[in-house]
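Thanks for coming. I will walk through one structure today, starting with its aromatic residues and then turning to charges and helices. Please have a look at it first.

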Amino acid sequence: MSNFLFSSYVIWGVFPYVALTLFFVVPFIRMVYRPFGMSTRASGIFDGRGILGLASHFLHWGIFLTFFGHLAGLMGGMLGWGSWVGAFFLLATLGGSVAIVGSVIALIRRTIVPEMRAMSQPDDYIVHLFLIAILGVAIYQALGDRIWGVSFTAAPWFASLWRLSPQPELMASAPLLSKIHILLAFAFAAYFPFTKLIHAWTLPVNYLVRPYQVLRTTAKKFQNGWVLGCWEFKGVTDKSYMTYLTAGVVGVLVLIAFVLPSPKGEGLVQTAQASTTDQPVGPDSSQAQKVLEGYPLYVSQCARCHGLEGHGDGPGSESPTFTVVPRNLTEGHFQFISTSNGVASSDDLRHAISHGLTGSGMPGFGALSDRQIDSLVQTVEAFWKDRPTAGETIDVPARPEPTVAMIKEGKELYAGMCSVCHGPTGAGDGALQALRTDAAGRQVATRNLRNEPLKGGSTEEQLYYRIAAGLPRSKDEWLMPSYANLGPDKIWALITYLEMEVFPPGQIAKR
């Protein structure tokens, strides 16, 4: 197993179980050995101006909205329900913003009130810093980067944890801020039972309608009985409240993981044959219950940008972090090809999915298995309406050793064919660079070859394909024409010139 796959498995396949174990088990241990430490330290006596009430209402109601927003996002992400994912965004963003305000007010109060500083312990500050960081990262991502719909990715991964069959590969393509947000949340869950917040586990079920002041005698609060003289289930003590709340939370998550069906794409082939096996794939096969494939995998990995039906209208499609608009998969206007007729082959789609498009905002999905990637290719091909037949793959001959004469010839070729768009020095400032548009009429910036990454790949083979196959705009139209007529020697001369005098050092990798 490679270091990347091992670290991914540890982060997304082991650490969550450690955090969840601490979150659910430690409260019961504390209840047995330190029952009087299950409540928070009261500080209302120092609240002369009602600041505590303001902070408490903002914090608790904000967390309440955030929790139910995440529950909606979990279910919507599992089922492929865009409206539920939208509700998650609204509830969680509103609740998170309110909770941050409450947490900041509480933190300031604890800092500036002398009596509060005197009675405070480290965890009183740490819990607020955790909350502010967790919520702040998510809200910045939602409102700043506008990367919405990540619950399509996180929900199936989270459900796989509860099925005891973790799929860490599902999180490999998630945006960095999403990963930070989720990891901070699990770290907070691990820390949670060691803080004053543990009192949430003993919250009475009649909290919303209880009197303003509730008195529970010691006999009631820590009443024993029924199970080896150490527990009770009568519903009148902290032990019973914690038991029922824990069972309820775990029960709901297990039901979501096992009962909710996989999303189904209308009109898509759900049982396509993967190229590496004779077993069917799809949401209805037993194999798909263990490893996500086909359309459910597409929803998890791709729908947040390309949309549930492949129209390029996913909830995160207008994020300013993208340099290009996500592709409308139904139109099939794929640019990074290796064929002689401008139509992307299955191998071209597989390469784009595996490696991503560098600098565009589309990540690579190399952490997925070959079988999973094949199922994504088949799903994309099912979206592609009236797909034409791809031409033969262009042959890439062995590259000759670079010479001074090759560099000179390549420079002349570049000046005559490429500088009109890429500019005389390759800076993307040629005379025709502003006239390039995609099939939808949106302007496409010419690549600055001197400092921008090569979107389709930086290997010798991929660069040869870009020159020989060109970049199709739509049927029989081109963003960059095919130069296959040059022949291998001149194409390699052009590549040699670009590598030696235009591209950043070390950009071109061997095949």
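Phe188 and Phe192 are both buried, where buried means under 20% relative accessible area, exposed means over 50%, and partly exposed is in between, with a 1.4 Å probe and protein chains only. Before going on, a word on the source: this is a predicted model, in which local features need pLDDT of at least 70, side-chain atom pairs count only at pLDDT 80 or more, and totals for chains, interfaces and linings use all residues. Residues are numbered from 1 along each chain as its sequence is written, and side-chain values use heavy atoms, with hydrogens and water left out.

Aromatics, then. Rings of Phe, Tyr and Trp (its six-membered ring) pair if their centres lie within 6.5 Å; planes under 30 degrees apart count as stacked, over 60 as edge-to-face, and the rest as tilted. Searching the whole structure gives 24 aromatic pairs. One of them joins Trp157 and Phe186, edge-to-face, at 5.8 Å centre to centre with 75° between the planes. Trp157 sits in helix H6 (residues 151–162) and Phe186 in helix H7 (residues 176–191), so this pair ties together parts that are 29 residues apart in sequence. Helices here are DSSP runs (H or I, at least four residues), as strands are (E, at least two), numbered from the N terminus. Trp157 counts as buried because its relative accessibility is 1%. Phe186 is buried as well, at a relative accessible area of 9%. As for Phe188 and Phe192, their ring centres are 6.1 Å apart and their planes are at 90°, so that pair is edge-to-face too.

These four residues belong to one aromatic cluster, whose members also include Trp12, Phe130, Tyr191 and Trp201.

H7 has 16 residues and reaches 22 Å from its first C-alpha to its last, close to the 22 Å expected at 1.5 Å a residue. The expected span is 1.5 Å times one less than the number of residues. Among the buried residues of H7 are Ser178, His181, Ile182 and Ala190. The C-alpha of Ala190 is 7.4 Å from that of Val18, although the two are 172 residues apart along the chain. Val18 belongs to helix H1 (residues 3–33), and with a relative accessible area of 44% it is partly exposed.

Now the charges. Side chains of opposite charge can pair when their charged atoms come close. A salt bridge here is a side-chain nitrogen of Lys or Arg within 4 Å of a carboxyl oxygen of Asp or Glu, and the structure holds 10 of them. Which residue does Arg110 meet in a salt bridge? Its partner is Asp124, at 3.6 Å from N to O. Arg110 is in helix H3 (residues 82–112) and Asp124 in helix H5, so to speak distant parts of the chain, 14 residues apart. Both residues are buried.

Asp124 has a further salt bridge, to Lys196, at 3.4 Å from N to O. Lys196 is in the loop between H7 and helix H8 (218–221), so this pair ties H5 to a part 72 residues away in sequence. Asp124 is buried at 0% relative accessibility, and Lys196 is buried at 14%.

Elsewhere, Arg399 forms a salt bridge with Glu460, the closest N and O atoms being 2.9 Å apart. Arg399 lies in the loop between helix H13 (370–383) and helix H14 (404–417), and Glu460 in helix H16 (residues 460–469), so parts 61 residues apart in sequence are tied together. Arg399 and Glu460 are both buried. Through shared partners, Arg110, Asp124 and Lys196 are joined into one salt-bridge network.

Back to H5 for its length. Its 24 residues (residues 122–145) should span 34 Å at 1.5 Å a residue, and the end C-alpha atoms are 33 Å apart, which agrees. Just after H5, Arg146 takes a positive phi of about 55°.

That brings up backbone angles. Most residues other than glycine have a negative phi. Leu164, which is not a glycine, has a positive phi near 60°. Leu164 lies in the loop between H6 and H7 and is exposed, with a relative accessible area of 69%. Asp386 also has a positive phi, about 50°. Asp386 is in the loop between H13 and H14 and counts as exposed at 77% relative accessibility.
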